[in-house]
Amino acid sequence: MKFSDKLYDAVIDLWLEAVDKPFVKGMVEGTLDEDLFRNYMIQDYLYLLEYLDILGLIYDLAEGEELRDFLQVVIKETENETYRVHLPHMRKMGVSDEEIDGTVRSKVICEYTGYMREKVKEHGLLAGLTALLQCSWLYAFIGKKAVSEKSDVISKSPYRFWFDAYTCTDYTDANQMWIDTVDRKTEGISLDEEALLTGIFLTCAGYENRLWDELSLR
């Protein structure tokens with residue numbers, strides 16, 4: 001069994017819980033309050049800036065051309081998600097640079113990104129790759145499952161672009177590359193290291209579900 005299969009089996013209940021969160025269901029059905037979505041877009045943008053910075057820390061730890069090439073692809077795709085998906089839609093909603101600069105990161109995002117940074121510092125590159133993969137993979141999972149089950153509903157939702165972004169080929173291909181890289185890098189690791197990395201993956205999934213709940217609050 002590949003290590004990614006073990007990660008998937010460990011986290012699937014939390015991911016299914018995420019798909020069923022009121023915030024996500026509101027995006028699917030198009031009933032989500034616009035102000036809540038506006039806040040989400042700003043908070044997620046701020047999160048992605050932290051995510052990119054952590055990717056940079058991991059890149060600095062990477063050895064070997066193949067791994068560095070992979071990380072460059074991931075960084076490029078994340079920059080695309082940040083600057084070519086988030087920002088344009090934020091602009092359409094009238095979000096200004098002043099509003100972004102004046103927004104305080106949510107408590108969960110601060111704890112979440114702080115946790116990932118800590119794991120990179122404590123346990124190195126593989127811990128960072130596993131932590132950040134959870135977010136990328138979760139969004140691909142939510143997008144795929146929602147579209148497969150509610151494509152007709154999503155097609156009428158004003159938030160359809162969100163699902164398009166996380167089911168498009170560029171995103172899913174980059175995510176699969178990430179999964180494959182983690183599988184290669186974890187070949188032959190000890191049971192203790194498997195447990196450590198699985199724990200990190202599960203903790204990150206827990207932060208994601210806390211964030212969906214926080215975002216549903218006015």
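## Rings that pair up

How many aromatic pairs does the structure hold? There are 26 of them, where a pair means rings of Phe, Tyr or Trp (its six-membered ring) with centres within 6.5 Å; planes under 30 degrees apart count as stacked, over 60 as edge-to-face and the rest as tilted. Helices (H or I, at least four residues) are DSSP runs, numbered from the N terminus. Both Y40 and W212 are buried, meaning under 20% relative accessible area with a 1.4 Å probe and protein chains only (exposed is over 50%, partly exposed in between).

Before going further, a quick word on ground rules: this is a predicted model, where local features need pLDDT of at least 70, side-chain atom pairs count only at pLDDT 80 or more, and totals for chains, interfaces and linings use all residues. Residues are numbered from 1 along each chain as its sequence is written, and side-chain values use heavy atoms, with hydrogens and water left out.

## A second pair and a cluster

Y139 and W162 make a tilted pair, 5.2 Å centre to centre with 50° between the planes. Y139 lies in helix α7 (residues 125–154) and W162 in helix α8 (residues 160–167), so the pair ties together parts that are 23 residues apart in sequence. Both Y139 and W162 are buried.

Ring pairs also join up into a cluster, whose members include F23, F37, Y40, Y139, W162 and W212.

A pocket here is an open set of points on a 1 Å grid over the protein atoms alone, where a 1.4 Å probe fits, with protein on both sides within 12 Å along at least five of seven lines; lining residues have an atom within 4 Å of a point. Points are joined across faces, edges and corners, and the volume is the space filled by probe spheres set on them. Of the 17 lining residues, E77, N80, C168, D170 and Y171 lie nearest the centre of the largest pocket. Helix α4 gives the most to this lining, with 8 residues.

The second largest pocket has a volume of about 220 Å³. Its lining includes W137, F141, K144, Y166 and I179, and the elements giving two or more residues to it are α7, α8 and α9.

Which residues of helix α2 (residues 22–29) are buried? They are F23, V24, G26, M27 and V28. These buried residues pack against α1 (3–19), α3, α7, α8 and α10, with contact meaning heavy atoms within 4.5 Å. Just after α2, G30 takes a positive phi of about 80°.

I179, one of the residues lining the second largest pocket, is found in helix α9. Is I179 buried or exposed? At 6% relative accessibility, I179 counts as buried. Leaving aside its neighbours within four places in sequence, I179 is in contact with S4, L133 and W137.
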